[in-house]
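I looked things up bit by bit and wrote them down as I went.

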Amino acid sequence: MSVLKITDAAFAYGEQLIFQDITLETRPGEIFCLMGRNGCGKSTLLDCILGIQPLKKGAIKISDKSVDAYKPAELAKKMAYLPQSHEHSFPYKVLQVVLMGRTAYMSRFGAPTQEDKVIVKNLLDKIGITHLSDRPYTQLSGGELQMVMLARSLAQEAPLILMDEPTAHLDYYNELLFLETIASLVKDGRQTIFMATHSPNQAFYLENRGIPVRVGLMCDGKLVETGPPAKTLTSANLGQVYHIEARILDSGDTKQVMPVGTLK
Ligand SMILES: Nc1ncnc2c1ncn2[C@@H]1O[C@H](COP(=O)(O)OP(=O)(O)OP(=O)(O)O)[C@@H](O)[C@H]1O
């Protein structure tokens, strides 16, 4: 079964073509890192996958079914979404916010079951945020809030999780904790992650630890390269996509990108 399949996708805002000819398929239990310069269309592609924006051409299937053929509750069991930032609404407690991730599994007017509560408590524990359980989520720092939102998206237990620059507000520790958490999810074979990121070193970090990871490089409205980080994140490709000079440092078991400067 295919978790996410995009075929010949094109999208335009009015007359402005954003991307075209996008074809890709994620493998179960992998992390797919979508990269490209600001404004190249990563978030727009995520919006199309979420069914928020309609494609101009092509098709997007989630678990072998067209994304627009799903009812919302059914789709929530197949796909979760972790945005870059979150608009606060009401000062719910953290525990309640994470329980909201279980909504698709509750009956229409139902309260969370004991099983929902156990799933949520285990997630808070796994992510190391149990101490925040009773705090109003409106009072959290940006980094704490993002870890709460990660827990909420995991509570959906969907086979596919979309993420849009999920570590943008995290400190070094939480960025690594975040990467370790998603690595353990895909290692268990439970989830596939499709994330837009600006950090090629995150892809290398995961690859260095033996996690199945692929990179898709977007440039000029197209997916110009797809493959493992070691093959895609080359100096030549980074030069073409980001207009930078970059060196790939290889210390045997660890690779990293070292940016040198912009290309004139
Ligand atoms: N609602 C909209 N209407 C018109 N144009 C839009 C709209 N949203 C985004 N765009 C434009 O579409 C292009 C792609 O934007 P998008 O947000 O998808 O890029 P991105 O790759 O996610 O960028 P970033 O890395 O900065 O987050 C940009 O030129 C942006 O200005």
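**Entry 1**

I started at the hairpin of S4 and S5, where 2 residues sit between the strands and serine 63 has a positive phi near 45°. Before going on, I noted that this is a predicted model, where local features need pLDDT of at least 70, side-chain atom pairs count only at pLDDT 80 or more, and totals for chains, interfaces and linings use all residues. Residues are numbered from 1 along each chain as its sequence is written, and side-chain values use heavy atoms, with hydrogens and water left out.

My labels: helices (H or I, at least four residues) and strands (E, at least two) are DSSP runs, numbered from the N terminus. Two strands pair if DSSP finds at least two bridges between them.

S4 and S5 run antiparallel and are joined by 2 bridges. Isoleucine 62 stands opposite lysine 65 in S5.

**Entry 2: the sheet of 4 strands**

In what order do the strands of the open sheet of 4 strands come? I read S2-S1-S4-S5, with antiparallel pairing. The edge strands, each pairing on one side only, are S2 (16–25) and S5 (65–66). I reminded myself that strands of a sheet pair through backbone hydrogen bonds, either parallel or antiparallel.

Then I went through the pairs. S1 (residues 4–13) and S4 (residues 57–62) are antiparallel, with 5 bridges. Threonine 7 has alanine 59 in S4 as its bridge partner, and lysine 5 has lysine 61 in S4.

S1 and S2 are antiparallel too, over 6 bridges. Alanine 12 is bridged to leucine 17 in S2. These two strands form a hairpin with 2 residues between them, and glycine 14 in the turn has a positive phi of about 60°.

**Entry 3: the sheet of 6 strands**

I moved on to an open sheet of 6 strands, ordered S6-S7-S8-S3-S9-S10, with mixed pairing. Its edge strands are S6 (79–82) and S10 (222–227), each pairing on one side only. Neighbouring strands here are turned by 20° against each other on average, direction ignored. For angles, axes are lines fitted to C-alpha atoms, for helices over the stretch in contact, and the values run from 0 to 180 degrees between N-to-C directions.

Which way do S3 and S8 run, parallel or antiparallel? I found S3 (residues 31–36) and S8 (residues 192–196) to be parallel, joined by 4 bridges. Phenylalanine 32 has phenylalanine 194 in S8 as its bridge partner.

S9 and S10, on the other hand, run antiparallel with 5 bridges. Methionine 218 is bridged to leucine 223 in S10. In their hairpin, with 2 residues between the strands, aspartate 220 takes a positive phi near 50°.

**Entry 4: the helices**

H6 (residues 172–187) lies across S3, S6, S7 and S8, and runs at about 145° to S8.

**Entry 5: the ligand**

How many residues surround the ligand? I got 13, and the closest are Asn38, Gly39, Lys42, Ser43 and Thr44. A residue is near a molecule or strand if one of its heavy atoms lies within 4 Å of it.

Which element gives the most to this shell? H1 does, with 3 residues; S2 and H1 each supply at least two. By class, I noted 3 nonpolar, 7 polar and 3 charged residues. Here Ala, Val, Leu, Ile, Met, Phe, Trp, Tyr, Cys and Pro count as nonpolar, Asp, Glu, Lys and Arg as charged, and the others, Gly among them, as polar.

Last, I looked at distances to oxygen atoms of the ligand. A polar side-chain atom of lysine 42 lies 2.7 Å from one, and a polar side-chain atom of asparagine 38 lies 2.9 Å from one. For glutamate 165, a side-chain N or O atom is 3.3 Å from a ligand oxygen. Taken alone the ligand exposes 640 Å², and the protein buries 59% of that; such areas come from the Shrake-Rupley method with a 1.4 Å probe.

Definitions and conventions: A polar contact is a pair of N or O atoms within 3.5 Å; within protein, one must be able to donate a hydrogen and the other to accept it, and residues adjacent in sequence count only if both atoms are side-chain atoms. Contact means heavy atoms within 4.5 Å.
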